[in-house]
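These are my notes for your review of the model shown here. I have set them out as numbered points, so that each can be checked against the coordinates in turn.

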Amino acid sequence: MQISKASDAVGAIVEDVDLKTISDDQFAEIRSAFFDSGALFIKNQNLAPEDHIAFAERWSDIDINRFFTPVEGYPQIAQVLKEPDQEVNIGGVWHTDHSYDQVPAMSSILYALEIPPTGGDTLFAGMAAAYDGLSDEMKARIDGLKARHGNAHVFGQQSGYSEQTGGRVGNQQSAGQEAIHPVVLAHPETGAKGLYVNPGFTLNIVDMAEEESTTLLKQLYEHIMQPQFHFRFQWREGDIAMWDNRSTWHYALNDYQGHRRYMHRITVQGVALH
Ligand code: SIN
């Protein structure tokens, strides 16, 4: 097994390993690379749904997503699908998964079954690198702040996302979860400080006037959107990308109209954030 850095800011590439047969020592190495880098790109796997589930369960219990259509017979696995005649993709905006939950999911493990001939890459951003790149003044300004996260504007009945995705995202009546988390998170495994706000689900900074909160979030987002904090993953069928939702953002590019892209995603449980 070989593990190498994907970029200075986020991610590591894992090659020459079959996740179906990894030893406990190999798993420990993978785990440590995951928390150090925020995301793993594990190349060239051949996993049945049972193998995907077994790998996910080595990390933690599975956190079943409320809104994505599951794979038939496997409620633990969400479909991330775009058909050739569909225009809107899933995850086509910078976000991190489940930040609206009181105990946000630790990781999402995405396995590529069908990839378009070109395009369909996923961008990742590293939140520890982004935090380190802030000015001392901004670090002092956001120290101790909390932010409110929610999902009704994305998954709720009024959002239109279910219609736009042709029903690939549903269960709108179950939306409405909200949670308050620190803006600067000491990572629960490594202690490294990272930014924990995202354009997909963060609603506002708590105890701050609306205009000031909007301006501050915009400043932080513009900072994180600088390319030096990113890695662009170009998929091959059989690849896995797994990311730590507490220390990364991701963005699924929607540049493959007329082609099918089909992935299986399992989300695993995290811990309360302080
Ligand atoms: C997601 O946001 O979970 C989907 C990412 C992707 O399809 O690349």
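1. Ala-125 has His-230 in β13 as its bridge partner. The model is a predicted one, in which local features need pLDDT of at least 70 and side-chain atom pairs count only at pLDDT 80 or more, while totals for chains, interfaces and linings use all residues. Residues are numbered from 1 along each chain as its sequence is written, and side-chain values use heavy atoms, with hydrogens and water left out.

2. β7, which covers residues 122-126, pairs with β13 in the antiparallel sense over 4 bridges. Two strands are taken to pair if DSSP finds at least two bridges between them; strands are DSSP runs of E with at least two residues, helices are runs of H or I with at least four residues, and both are numbered from the N terminus.

3. The open sheet to which these strands belong has 3 strands in the order β13-β7-β15, with antiparallel pairing. Because β13 (230-233) and β15 (248-252) each have a single partner strand, they stand at the edges, and one side of each is left without a neighbour in the sheet. From one strand to the next the twist averages 20°, with axes being lines fitted to C-alpha atoms (for helices over the stretch in contact) and angles running from 0 to 180 degrees between N-to-C directions.

4. Around the ligand, the surrounding residues include Val-80, Ile-90, Leu-110, Thr-122, Trp-243 and Ala-252, where a residue counts as near if one of its heavy atoms lies within 4 Å.

5. A side-chain N or O atom of His-250 lies 3.0 Å from an oxygen atom of the ligand. Taken alone the ligand exposes 260 Å², of which the protein buries 100%; accessible areas come from the Shrake-Rupley method with a 1.4 Å probe, and for residues only the protein chains shown count as cover.

6. Asp-16, in the loop between β2 (12-15) and α1 (24-37), has a positive phi of about 55° although it is not a glycine. Asp-207, in the loop between β12 (202-205) and α7 (210-224), likewise has a positive phi, near 60°. Asp-16 is exposed, with a relative accessible area of 56%, and Asp-207 is exposed at 81% (buried means under 20%, exposed over 50%, partly exposed in between, with a 1.4 Å probe and protein chains only).

Definitions and conventions:
Polar contact = N/O pair within 3.5 Å; in protein donor to acceptor, adjacent residues only side chain to side chain.
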